[in-house]
Amino acid sequence: MPNIVVVGAGVSGLTCALLLAKQGHAVAVVAKHMPGDYDIEYTSPWAGANVLPMASEKDSHWERRTWPVLQRLAAEVPEAGLHFQTARVLRRAADLNLISRLGDDLFEPNPWYRTLMPNYRELPASQLPVGIHSGCEFTSVCINTPVYLAWLVGQCAALGVTFRRATLKHIAEAAGMHHLGGQADVVVNATGLLACRLGGVMDSKVYPIRGQIVLVRNEAAGVMPTVSGCDDGEDELVYIMQRALGGGTILGGTYTKGSWEPNPDPDIAIRIMKRATETLPELTGGKGIEGLDVVRHGVGLRPGREGGVRIEKEEIDGVSVVHNYGHAGWGYQGSWGCAERVVELVEEVLREKEKAKL
């Protein structure tokens, strides 16, 4: 039985560990942060998270491979913490001549995902708010991330995956940290933002994308609106999503590239709440920002990467490593597709090792 060490316990690392364990491998997860932690270095708990297809059509395979799994979990596995919601994507008239600031196809007219997401429809003019040129709706899901991460841990544990807290200085250290001893056959690097600091990796293309949110108790009535832009700044966004299983409603947000600032900005928080109540007045019954019942303010750092996600194999100081990091804001909605590719690469490495023995 091959021994695999997965470094990182965010949604990418845990999904990789689960699929590798399902292949019959002995898997150990080694991470500085684990589900239940809240730390600025640990992105996954801060995510909304929902499915709004973000890739360009040519790069859409990760999301195409992930959506059927998340759809099935929402329909059949309520304990995983997902539920169906109606995504409402609004395209402002002011943004029509601009390329999406997120570098994706979410707000494109006639988008590729119209054939992927269930119940897709363009909104008639009579249903468009003032200042909105066009929009669409489709069935999506929203994830209660703390519940979902814990569910992934449980699924992994049921298959014998072990978990160990550790702070690594070099990726090669992980090869000696398998619970069965000896040298691991493959190390999976799912360290997210920390890939820019980890010895042996030190990826200078990785950078933070700061996201500030407000978590409220108000309910969003089954609708998850997002708008193509706002007048408050190029790195400020509008999105609202209600988490499953009483997880509250996320109001967002920001998309500030290169910022490591861990503390919420009170002025930004006010703007986020004001935009949310204007976009979805029913959130507070028309009472505006004063009608919001705030649970907490939060900041997460999305793991951006110049050139996009890195999913590839590499030999580092004699250790076989498969990388899976740099997902920016689409880690959850691409998690299963990326993990499937990781499994394929791990199997390639194992075959190469077996062939070398002959």
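Of the protein's 358 residues, 58% count as buried (under 20% relative accessible area, with a 1.4 Å probe and protein chains only). This is a predicted model, where local features need pLDDT of at least 70, side-chain atom pairs count only at pLDDT 80 or more, and totals for chains, interfaces and linings use all residues. Numbering runs from 1 along each chain as its sequence is written, and side-chain values use heavy atoms, leaving out hydrogens and water.

User: How far does helix 4 reach from its first C-alpha to its last?
Analyst: Helices here are DSSP runs of H or I, at least four residues, and strands are runs of E, at least two, numbered from the N terminus. Helix 4 covers residues 266-279, 14 residues in total. The expected span is 1.5 Å times one less than the number of residues. That gives 20 Å, and the helix comes close to it, reaching 20 Å.

User: Which strands do the buried residues of helix 4 pack against?
Analyst: The buried set is Ile268, Ala269, Ile272, Met273, Arg275, Ala276 and Thr277. Contact means heavy atoms within 4.5 Å. The partners are strand 8 (206-216), strand 10 (236-242), strand 11 (249-254) and strand 13 (294-305).

How values were computed:
Buried < 20%, exposed > 50% of the residue type's maximum accessible area, 1.4 Å probe, protein only.
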